[in-house]
Structure formats: C-alpha cells, structure tokens
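Student: Hi! I'm new to this one, so please walk me through it.

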Amino acid sequence: MRSGQFSVITASANLHQGGRGLHPMKHNEILRVEGLRKVYRSGSADLVLFDNLSFQVPEGELLAIVGQSGAGKSTLLHMLGALDTPTAGEVIFDGTRLSGLNEESAAEFRNRQIGYVWQFHYLLPEFTALENVAMPLYLRGVSRRQAEKEAAQWLAEVGLADRGHHRSGELSGGEQQRVSLARALVTSPRMLLADEPTGDLDTRTAEAVFELIARLHTSHRLTSIVVTHNLDFARRCDRVFDLRGGRLELRAGELQGGGNPQPAGASNDATRG
Ligand SMILES: Nc1ncnc2c1ncn2[C@@H]1O[C@H](COP(=O)(O)OP(=O)(O)OP(=O)(O)O)[C@@H](O)[C@H]1O
Ligand SMILES: [Mg+2]
C-alpha cells in the first residue's frame, strides 16, 4: 500500500492493519476523536461537514491535514482545540472529554494545553513583539517581569532576539509568523494546532517557517497538527490525513521516521449533504 508517492489508502483500511485501532487505548495516545459529527444549518438544508469521524493521535506526532477549501479542516481543528463544539461525538485529550468542560475550564484547557497558530497572525500591532509573546502569560497572571523574561527566551528561540522591541506591525510577514509561534508556545502547551501557518507567505519564507515548526515540534516534544495546502510540507510530516467529502483518508507513501513508528488508525462512515 505504501509504494508510490503519496498514494491514498482509506483510513478505515489502516485501522485494521496490525490489529490496532479497535483497542480502547494506546499507551502513548494523547488525542482521541470518537464519532465526531459537525453539521451547519445552511438555509433550509443541513451542511454535514463530517459524520462519525474517528481517529487517534499518538503523543509526539507531527500530523498534517490537507484537503480542498471548504472541506472542513479549520472546523475540525477548532473542535480539536476546544474552540468549537461538535454536533455529536467526542474529542478526548489525554483522558479529558472536551465536551464535559464548561466555558471556564475550556478556556483553562486552551491556555494550558494548546498553542494555536493561524494563517493570519493576529498579533496586536500596537504592542511590541515581546509584549505580544508575553500576552498569554500576562493572562495567566504571571508577573510582567517573569513573563517578559520568558517571552525574550522564546523570541531568541525563533531567531528574533533582536526584534523584541519592534512593534509587531513593523515586522515582515515571516517575522510576524515567528512571533506568533513564540506566542503559541510560551505557555509550554502539549499540543500545537496550526491552521495554514504558511499560507500567507512567499515560498522561501514559508519553507523557513515550516522548518521552524518542525524543529520546535521536536525540541519541545510537542504533538502538532498542521493544516496545510502545501503537499511538500505535508509529505515531511509523520502522517497526512486528507479530509475530502466528509471522510478522512490516510495518505501513505511518505511516512518518515518521526515520533510515530506505529501510526494510529482513523476511520469514519462519513456522508456529506
Ligand atoms: N459558522 C458557520 N456556519 C455555517 N457554515 C459554516 C460555518 N463555518 C464554516 N462553515 C462552512 O463549513 C465549510 C467548511 O469550512 P472550513 O472553514 O472548515 O473549511 P476549510 O477546509 O478550512 O477551508 P479553507 O481551506 O478554505 O480554509 C465551508 O463550506 C464553510 O462555508
Ligand atoms: Mg480553513
């Protein structure tokens, strides 16, 4: 099944490989999605983005999600990060059912466990790079001095030690995306969710930002899920899920020896419409 570049196998086929997937828990699994359904009411009709979507993500995996515009990638990512709620089904992060969190616990969960990076960086232009990175720590109640010390370390880690006092509006697109990565990770989350993080950048800058994501993913032992339209990037991830027609397919043929020697399964019986 893995011969050929980027051949597509169905996720449910993978589920049965090696007898894995149907077992209740893998010891290193950090994220589990069970029977996920998302329906948007659109005029008189329902838009069923996906239905009965199930998959697991082992800790330390760098997972790519690809798919055409409108397939539901962002919607899926929002549900994985407790930014949106599914119509049915469960997202379970390290044993915690996100559906069971009230608003306050969901906010706490996002602040403690998840780092987010978006296509557009959403930095606050009037604040310096340092202040932008320190912001999640201020929100956590960390003292200004400590927050800025940690933010400065993160700016150095993304190669912007000398840009801390620039307002974010004065930075280039690639630099802004580096700042937003530092901001996403300053709270030491366990999972990084990135939605087209290089979508707004030129090829060379996009390459550098992806390299940085891959490096930080490894050095900080993150579990990372990256939505991308860039198949070159996707290919370099541990696994690639293709969301199409409400179904999630595992693309094989480019698995690399990252943190996931035993890919976890994915399955669904999705329908659309
Ligand atoms: N709040 C909403 N209400 C109704 N429909 C929505 C809502 N949010 C998204 N949709 C629809 O759901 C579908 C999936 O949207 P989503 O943003 O998840 O796609 P995507 O795969 O991320 O696309 P892109 O690659 O363009 O970012 C789209 O058809 C969109 O119009
Ligand atoms: Mg999107």
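Tutor: Happy to! One term to begin with: two residues are in contact, or touch, if their C-beta atoms, placed from the backbone, lie within 7 Å. This is a predicted model, in which local features need pLDDT of at least 70 and side-chain atom pairs count only at pLDDT 80 or more, while totals for chains, interfaces and linings use all residues. Residues are numbered from 1 along each chain as its sequence is written, and chains are lettered from A and ligands numbered from 1 in the order in which they are written.

Student: Which residues does Asp84 touch?

Tutor: Leaving aside residues up to four places away in sequence, Asp84 touches Thr75, His78 and Met79.

Student: And where does Asp84 sit?

Tutor: In the loop between α2 and β5. Helices (H or I, at least four residues) and strands (E, at least two) are DSSP runs, numbered from the N terminus. Asp84 is 15 residues from Ser99 in sequence, and their C-alpha atoms are 9.9 Å apart.

Student: OK, zooming out. How many helices and strands are there?

Tutor: The protein chain has 8 helices and 12 strands. Of its 273 residues, 44% count as buried. Take the contacts between residues at least 6 apart in sequence: 73% of those join residues at least 24 apart.

Student: Back to α2, then. Which of its residues are buried?

Tutor: Lys73, Leu76, Leu77, Met79 and Leu80 are the buried residues of α2, which spans residues 73-80. They sit on the same side of α2, because they cover an arc of only 160° around the axis.

Student: What do the buried residues of α2 pack against?

Tutor: Strands: β2 (29-42), β4 (62-66), β5 (88-93), β8 (191-195), β9 (223-227) and β10 (239-244). Just after α2, Ala82 takes a positive phi of about 60°.

Student: What about Ser188?

Tutor: Ser188 has a positive phi of about 55° though it is not a glycine. You'll find Ser188 in the loop between α6 and β8, where Ser188 is exposed, with 11 other C-beta atoms within 10 Å.

Student: New topic: helix packing. At what angle do α4 and α5 pack?

Tutor: Helix α4 (residues 129-139) and helix α5 (residues 144-157) pack at about 125°, with their axes 8 Å apart. Axes are lines fitted to C-alpha atoms, for helices over the stretch in contact, and angles run from 0 to 180 degrees between N-to-C directions. That angle makes α4 oblique to α5. The cut-offs are under 35 degrees for roughly parallel, over 145 for roughly antiparallel, 65 to 115 for roughly perpendicular, and oblique for the rest.

Student: Which residues make that contact between α4 and α5?

Tutor: From α4, they include Leu130, Val133 and Leu137, and from α5, Ala151, Trp154 and Leu155 are among them. The contact residues divide into 11 nonpolar, no polar and 3 charged. Here Ala, Val, Leu, Ile, Met, Phe, Trp, Tyr, Cys and Pro count as nonpolar, Asp, Glu, Lys and Arg as charged, and the others, Gly among them, as polar.

Student: And how do α4 and α6 pack?

Tutor: At an angle of about 30°, with their axes 7 Å apart, so α4 and α6 are roughly parallel to each other. Ala129, Asn132, Val133, Met135 and Pro136 of α4 meet Val179, Ala182 and Arg183 of α6.

Student: What angle is there between α6 and α7?

Tutor: About 15°, with the axes of α6 (residues 173-185) and α7 (residues 203-219) 10 Å apart. That makes α6 roughly parallel to α7. Their contact residues are 7 nonpolar, 4 polar and 1 charged.

Student: Last one: where is Gly169?

Tutor: Gly169 is in the loop between α5 and α6, and Gly169 is exposed, with 11 other C-beta atoms within 10 Å. Its C-alpha atom is 8.2 Å from that of Leu123, 46 residues away along the chain.

Technical notes:
A residue is buried if 20 or more other C-beta atoms lie within 10 Å of its own, exposed if 12 or fewer, and partly exposed in between; C-beta atoms are placed from the backbone. The arc is that of the directions from the helix axis to the C-beta atoms.
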